[in-house]
Amino acid sequence: MTNRPAPRVRALALAAAIVIPAASAGCKDFLTAQNPAAIPAERLDDTSFFNLVVNGVVGELQPTWPLVAYYSGVFTDELRNHHVFSEEILYDRRDIQPANGTHSLWYTAMQRSRALADDAALRFKRILGDSANHDLRTARVYAYAGYSLILLAETECSAPLSFGDTLYSRPYTPAELFAFAAARFDSTIKIAAAAKAAATAGPPSTLRTAVMNGADSLRNLAYVGAARAFLGAGDKAKAIEYARLVQPIASNNFEFRIYFNDNLATSRLNNPLRDRMSGGAGLTSASVSGTRFQFLDDARVPVPLNAQGQPQAEVATGGSWIVPNSPPSYSTFDATKTGADFSLGGYMRLASLLEAQYIIAEAEGPTAENVAFIESRRTAFPSSTAAAVTTASNFIDNLRDQRRRDFYLDGHRMGDLRRYRDQYNVTTGIHSWETGSMYGTTTQFSSTMCWPLNSSEINNNPNVPKS
Amino acid sequence: MFPREARVILATVAITVTGLAPTRSIVAQATGAIRGTVVEASSRRPIADVQIVVVGSSLGALTRSDGTFRISNVPQGDRVLRARRIGFTAQDRTVTVQLGQEATAEFTLVPSPTELEQLVITGTAGAAEKKTVANAVSTIDVAELTDRQTILNMSEVLTAKAPGVVVQANTGTPGTASEIVLRGYGSLTANRPVVFIDGVRINTDNLANFIPSGAGTSNLSGNTTSALDMINPNDIESVEVLKGPAAATLYGADAAAGVIQIITKKGTRGQQQVRWNARSELGTNEWGVETLTNYTTCTQALIDAKDAAGVSLWPGCQGKAVGTVLSDDPLERDPLAMRDGKVRRYSVSARGGGDRFSYYVSGDADHEEGVFYNSENNRRAVRTNFTLNPVDAVDIALNVGYLHNNLRLPLGDESFNGLLLSAARGLPGRLVTRPSLDGWGSVEPSLANTYNNRTITDRLTIGTTTNYNPFSWFRNRVTAGMDWSSGEAQILSVPGQIDVPAGFIAQRTPRVFNYTLDYNGNGIWSPTHALQLTTSFGAQVTSQQTETLLATGTGLASGDQTNIGSAVSRAGDNSFSEFNSVGLYVQEQIAWHDRLFITAAVRGDDHSSFGSDFNAVYYPKAGLSWVASEEPALKGIFSAIHSDNFRLRAAWGQAGRAPAPYSAIRTYGADRVAKGTTVEGAIRTGAFGNPNLKPEKGEEIEAGLDASFISGRAGIEATYYNKEMRDLLTPLALPPSTGFASSPLQNLGKTRNYGLELSVTGTPVQLRTVTWDLRLNGSWNKNKLVTIDTLITDQSLAGASYNPGMQRNRVGFPLGAYFIAFPRKDANGNYIIANNTLALETTTQYVGAATPTRNLSLSNTVTVFRDLRFSALLDYQGGHWLYNHKEYDRCFTRANCERLNSGAINDTLRAIYRTQSFYLEKADFTKLREVSVSYTVPRRYTQRASVDAFTLTLTAHNLYTWTDYTGLDPEVSGYGANQQRNNQSSAIRADAYPMPQTRRMSFAINLTF
């Protein structure tokens, strides 16, 4: 009898020895929550994820660019906005404050696009080592980083940039941002050249051809980008140098495109201008701006015409505004004055030989070749309101006039107006920032000509001055 | 679709209840019976639903509406009967039961404002007497409330019923949620209390409805919902509110914002007679505030304005003199705009019991229409509570509640096609594209009413609690339960309808599972007659899983075929999240002479949302409760001041708030990218994460007193509290230049809430014919952000785009307080005007809090001739401000507001009226929240029909509002909805076209058999 408790104690101890570790293990498992919707960060170092990473970089810039094109169009003189949200209306007034939530979205998108591209380049170099220097994936992400920097330089008053482990930086001036962009483009050019050289040395194959074509395309993209960056920074010689390197690839032309898809599952795949411009009731939010673009009578700024075939006066009732149709930079452009709607899918032009020619013309001045080029653009789309025949004396006016038509609503105008003012001191006329009352109202345009950092950047970056 | 398993469970319960519900005891050996009556001391008014128990046994009964009770099969001998009812002092009577005889026991209960013997839930095994609990516990007698008023949801149950419990309605749309905050906002991320029903933690998130903000499923702001409001108030016996960490320590890692315990109605063992109750309520919801009048001043420019075809753009101004003011009130004018929405409610319940079991079963059907034609909420609820007492030491309770909810929401808030926005933005006299749009800003009722946004939700809450008391000194309680809800939300726009004219359908099927497993043990040891030690220990496991499937289809060929498969473009998505938590506690309570109680406890928690580099967290508590009036040396003093009882209490404790699931992990997410004409996979940056993440920790000290005077005719409960939240879970937004568009949580900073809660009750008039009872609840709360990371000492609230920069978290000021830049003046003291608005200073200054700092409610009940009762509840909320975005939008964007179109307007006035900060207004208000009249037909007229009680009740809600606020309703906020949806930001408030609270009038008939 007296021995009975001992086996019980041993049994209890044995049970405890089994149960407690088992319970602990079970508890540990229980406290690990499943998360099927996310990829842990460390998995991205696996090279099998690299194509997804590149796609991610492309996927950031593609929806960002047309949105910035839209809002910079409203901010300049390309569009006016009928949105009901007061902070969207402030884009019209050029009164963008750091707390403007709408602006915050695009500022964040531009920065995210740039940062993911730079992060991808660093990751590829860290994981792949030297082979990253002749890998087109590295060249591509550098090019996209460059274009993201161009967006920032042309729209923002200044912008900080994180690099690697340095999360917080001081705000960089547009000139510095252009310089960073140019450096990215140089990396693209160098890596693409190396990739093409490596491919050329290899045996003929479909892959080799694809690499060689890809390298040519990326180099052209980088040449145009670098030329644009140097033009924006005021270095005309460099701008000409890079612009002249752009080579026609097919049909004696070169275009690098941003693609959209009409799949509604992910709105980021869609061309956002479709809903904002041609989307129909309740979504239309913009019309052609005032006198500067509404009556251009040019297929490059296509608007629905009235029954008499004339551009309609705006009627701001029930959504019946005169919204522009798809201009030349978009795949839905149909080369008529009435034009065709934007679509959810298709593509838009990011860089082109045409732009390189414009850069050369602007930087080089009225050479015979450049006068002929501008004149060819003047006559390319007959218009009763087009500029007079191009001569050396009216060359720059015609260039600017044709440029605003050829690059209507594709993200050039804001950089152009800033450049005209900063480098040419243009303060009046249709190529200056609008002043005075807005569209027959008593509301005055604000005097701002660039976008501020958003509140999140100001509040959360210790290296950004708070006042 | 309700799953087969649930149907089987319900059927089993129903069969069990039916089978085990004899009206006569099968045990009748050596027993007698006890019958008696319970009346209120002064008025002699019979008291219904008093719980009568035979002490030391499981026998008992509930009094009927005439105050009578009868208990059969009581073992013979001397028996102590105890009568308990919320609001009254418990009373004991000793009776001698003789074999086969019927003893009598009469109780005369005295109202007790302080209710020190009242049993409350503390988190340990078994209920504790309130006098032993060192912290304040607010108890709401919901059974009594629903008896005399029409109460539709939990928000109404809690509104103005207890000090320190602030309920802010987000809109007046039926089925939408309110914000419930206990003792002020303490967290930057989550301030919602956790809620238990009969010990089972339940989901209080939104119903996963599509936010009715227009354009398909895009989320701007908009009305949203809370699963808390799906609970049927008629099934609730009482609600207990633990308001802060000092009280909620034993609830652990998620209870820092407080705990709400919902106790449903139960039967009583030994009752032996079924009590049926049937209730029918009919009423209307009406637009309860002024409607909106729009104005146009005809100027020469408007008279002359024409379109390209030469058609006048302002036909209403044609033929009018310059300066003529046109006005229009489309909501009032258009008969298709609003209605008096019907309110219908039918409920039936039965409760009873035998020697070894008790039960409560109920069914409820509600139908509530809003004032807009596409606004309604329907609810069907069934509840079965069954308790079995197989042996004396064991009782097993099975509580099953099932609800089916069908909610239709109109487009709301700043939705372009919302009717309220359209009404407010109408331009009288303006050319419109169709006649029906005349006077409306963006959409007319005939189109707006076609918007179809429905959310159907089924909810099953099953809980079982087993009490096992093997010895008189040792008690155990195990609760296991599940709260399961499954919904189907749908938006349908057939081609041509207003929201998406091309046709659109979206369906979302959320499923939420909450599991609770809770063990508590109590050991009681009395080393001496005067000293009693109670050791409590326990463990809790909670888990929540949320799964959602979403499918959308855009471009429907016709309204005849509206399945997603027929849409031109289709998309699908799913989501999943979960959290799991484990907690352990131990508590020791020392009782000295049953009048001094000292409690100390510690709880440890681990949670799946803590960072991988952080382990468990521990929360201690301590408390002291001293019933001074029981102190022999002091009895004379308290007797001299006519104090029946007087208690002092003080408590200190900590509790936590776990981070949201996955907050600790850095992740990337899958995305897609257009590559040429194809779509390929891609990745995007996701959450930045924080592996060091730990819970925020609330620490609170409170002290107070409870006292009752003049035989319960007056009472006071007063509590001072000081609550600090440390290690705040702060979404520290990374600057966009980092590339992460996320705000990883950091444990930063501290908030403080301190204040006073006061509850005064009294019976100023106590005559045989007339009794006047009143209750005054008041609370004053001071809220402050004490410290925060240096990066964000002053940060505008994320997401507050209506009032950008106005609401800020700034150190030294209340969370989310309003700050504005004041107008600049020139050297002559005149305003500087730029762009037709006032030029402002570059810095902002504090204006006031965004949430009420003072709450006062006054409840009066007058009973005449026992049977006629009048009651009224006045609710005051004040000390706060609200941004009137609607009026700013009208004046700035539409220029149709009264200010700009009446009287002499000069440039300065025009500039003032166009300046956003002008529309920040004081939002103090007093509402006549509830008024009711109820009459109970004397029993002598009803007993022939075997009707125990027949009561008629007329109730009015939100009858009138006194306020200086110029918007429609100072109580509602378009952004509160966002807050509820995300369960994150504190106090984002903006009056951006939310639906005002409606006025509800209802008539109820209540029958008890």
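## Strands, salt bridges and the A–B interface

Tutor: In this predicted model, the bridge partner of B:Arg275 in E20(B) is B:Arg351.

Student: Which strand does B:Arg275 belong to, and how does that strand pair with E20(B)?

Tutor: B:Arg275 opens the pairing of strand E17 (residues 275-286) of chain B with strand E20 (residues 341-353) of chain B. The two strands run in the antiparallel sense over 11 bridges.

Student: What stands opposite B:Arg351 in E21(B)?

Tutor: In E21(B), B:Tyr360 stands opposite B:Arg351. E20(B) pairs with strand E21 (residues 357-369) of chain B, in the antiparallel sense and over 11 bridges.

Student: How many residues lie between E20(B) and E21(B)?

Tutor: Three residues lie between them, and the two strands form a hairpin.

Student: Let us turn to salt bridges. How many are there over all chains?

Tutor: The count over all chains is 89 salt bridges. As background, side chains of opposite charge can pair when their charged atoms come close.

Student: Which residue does B:Glu376 meet in a salt bridge?

Tutor: The side chain of B:Glu376 meets that of B:Arg454, at 3.5 Å from N to O. B:Glu376 lies in strand E22 (residues 376-391) of chain B and B:Arg454 in strand E24 (residues 452-471) of chain B, so the pair ties together parts that are 78 residues apart in sequence.

Student: Is B:Glu376 buried or exposed? And how does B:Arg454 count?

Tutor: B:Glu376 has a relative accessible area of 17%, so this residue is buried. B:Arg454 counts as partly exposed because its relative accessibility is 25%.

Student: What does B:Asn406 touch, apart from residues up to four places away in sequence?

Tutor: B:Asn406 touches B:Glu376, B:Asn377, B:Asn378, B:Arg454, B:Thr455 and B:Ile456.

Student: Which residues of chain B are linked in a network of salt bridges?

Tutor: One network links B:Arg183, B:Lys243, B:Arg647, B:Arg649, B:Glu700, B:Glu702, B:Asp706 and B:Glu757.

Student: What about chain A? Which residue pairs with A:Arg93, and which with A:Arg170?

Tutor: A:Arg93 forms a salt bridge with A:Asp95, with the closest N and O atoms 3.5 Å apart. A:Arg93 and A:Asp95 are both buried. A:Arg170 forms a salt bridge with A:Glu176, where the closest N and O atoms are 2.7 Å apart. A:Arg170 counts as partly exposed, at 40% relative accessibility, and A:Glu176 is partly exposed at 26%.

Student: How is chain A built overall?

Tutor: Chain A has 15 helices and five strands. Of its 467 residues, 55% are buried. Among contacts in chain A with a separation of 6 or more, 69% come from residues 24 or more positions apart.

Student: How many salt bridges are counted between chain A and chain B?

Tutor: The count is two salt bridges. A:Glu60 forms a salt bridge with B:Arg684, with the closest N and O atoms 2.7 Å apart.

Student: Which strand of chain B pairs with E1(A)?

Tutor: E1(A) pairs with strand E32 (residues 667-675) of chain B, in the antiparallel sense over two bridges. In E32(B), B:Thr667 is the bridge partner of A:Pro40.

Key. Residues numbered from 1 in each chain as written. Chains lettered and ligands numbered in written order. Predicted model: local features only at pLDDT ≥ 70, side-chain atom pairs only at ≥ 80, totals over all residues. Heavy atoms only, no water. Salt bridge = Lys/Arg side-chain N within 4 Å of Asp/Glu carboxyl O. Pairing = 2+ DSSP bridges. Helix = DSSP H or I, 4+ residues; strand = E, 2+ residues; numbered from the N terminus. Buried < 20%, exposed > 50% of the residue type's maximum accessible area, 1.4 Å probe, protein only. Contact = heavy atoms within 4.5 Å.
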